[in-house]
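I opened my notebook to look through one structure, step by step. Here are my entries.

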Amino acid sequence: MKKILIMVLSFMLAACSATSEYDQNLKKWQDATIDHYQFDLFIICFCPFRDVMPLTIEVQNGEVLSITQVDGVIVTADNPSFDLFVSAASVDALFAMLDSSLNGDADEVLVTYDATYGFPTSISIDHIKEAVDDEIYYQVESFEVLP
């Protein structure tokens, strides 16, 4: 019984630590007040769109201005992967996805944050630990603050 209690407490502390780290980095991002930025986004999963990665995304005042595939093609609403791309197409969207995943939508979430601005630079989500091919990874690179 004592071992079970220790394990439960360990899991609870780990969850609090992840949430605390999330909160600290969200605050760092919000305090940076960056209104216009661009980044490259890699979405890695068992999905058919691997050959169009990375996506170059431009965001201004919280609005996604453009999503461009590596081949220069602009992603529009008629793209079959549009909804998935848009779900990660801003730092705010990445934080929202993380919040949902950290609070019960996923069995395992691993994340690293940018030391300067606090945004997530890599996110690994495993929705169902025992399932195969449900994992999804997000990698943010080449983040640039724009005028």
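**Entry 1**

Is Y22 buried or exposed? I looked it up: Y22 is buried, at a relative accessible area of 7%. Buried means under 20% relative accessible area, exposed means over 50%, and partly exposed lies in between, with a 1.4 Å probe and protein chains only.

**Entry 2: what I am looking at**

This is a predicted model, where local features need pLDDT of at least 70, side-chain atom pairs count only at pLDDT 80 or more, and totals for chains, interfaces and linings use all residues. Residues are numbered from 1 along each chain as its sequence is written, and side-chain values use heavy atoms, without hydrogens and water.

I checked pLDDT, the predictor's confidence in each residue from 0 to 100. The chain has a mean of 88, and 85% of its residues reach 70 or more. Over residues 2-16, pLDDT stays under 50. For that stretch the model has zero contacts beyond four places in sequence. Contact means heavy atoms within 4.5 Å.

**Entry 3: the sheet**

Helices (H or I, at least four residues) and strands (E, at least two) are DSSP runs, numbered from the N terminus. Two strands pair if DSSP finds at least two bridges between them.

I traced an open sheet of six strands, in the order β3-β2-β1-β6-β5-β4, with antiparallel pairing. From one strand to the next, the twist averages 20°. Helix α3 (residues 91-105) packs on the sheet and touches β1, β4, β5 (120-126) and β6 (136-145). The direction of α3 makes about 35° with that of β5. Axes here are lines fitted to C-alpha atoms, for helices over the stretch in contact, and angles run from 0 to 180 degrees between N-to-C directions.

Strands β1 (residues 36-44) and β2 (residues 55-60) run antiparallel, joined by six bridges. D40 stands opposite T56 in β2.

**Entry 4: aromatic pairs**

Rings of Phe, Tyr and Trp (its six-membered ring) pair if their centres lie within 6.5 Å; planes under 30 degrees apart are stacked, over 60 edge-to-face, and the rest tilted. The count by this rule is 10 aromatic pairs. Y22 and F95 make an edge-to-face pair, 5.6 Å centre to centre with 75° between the planes. Y22 sits in helix α1 and F95 in helix α3, 73 residues apart. F95 is buried, at 2% relative accessibility. F95 also stacks with Y113, at 6.4 Å centre to centre and 20° between the planes. F95 lies in α3 and Y113 in β4, so this pair ties together parts 18 residues apart in sequence. I also noted a cluster linked by ring pairs: W29, Y37, F39, Y117, F119 and F143.

**Entry 5: N25**

What does N25 touch? Beyond its neighbours within four places in sequence, N25 is in contact with F95, Y113, D114, Y117 and G118. N25 is found in helix α1 (residues 2-32) and is buried, at 8% relative accessible area. A polar atom of its side chain lies 2.9 Å from the backbone oxygen of E21.

**Entry 6: backbone exceptions**

Most residues other than glycine have a negative phi, and most peptide bonds are trans. N61 has a positive phi, near 50°. N61 is in the loop between β2 and β3 and is exposed, at 56%. S142 has a positive phi of about 55°. S142 belongs to strand β6. A cis peptide bond joins M53 and P54, with omega about 0°.

Key: Polar contact = N/O pair within 3.5 Å; in protein donor to acceptor, adjacent residues only side chain to side chain.
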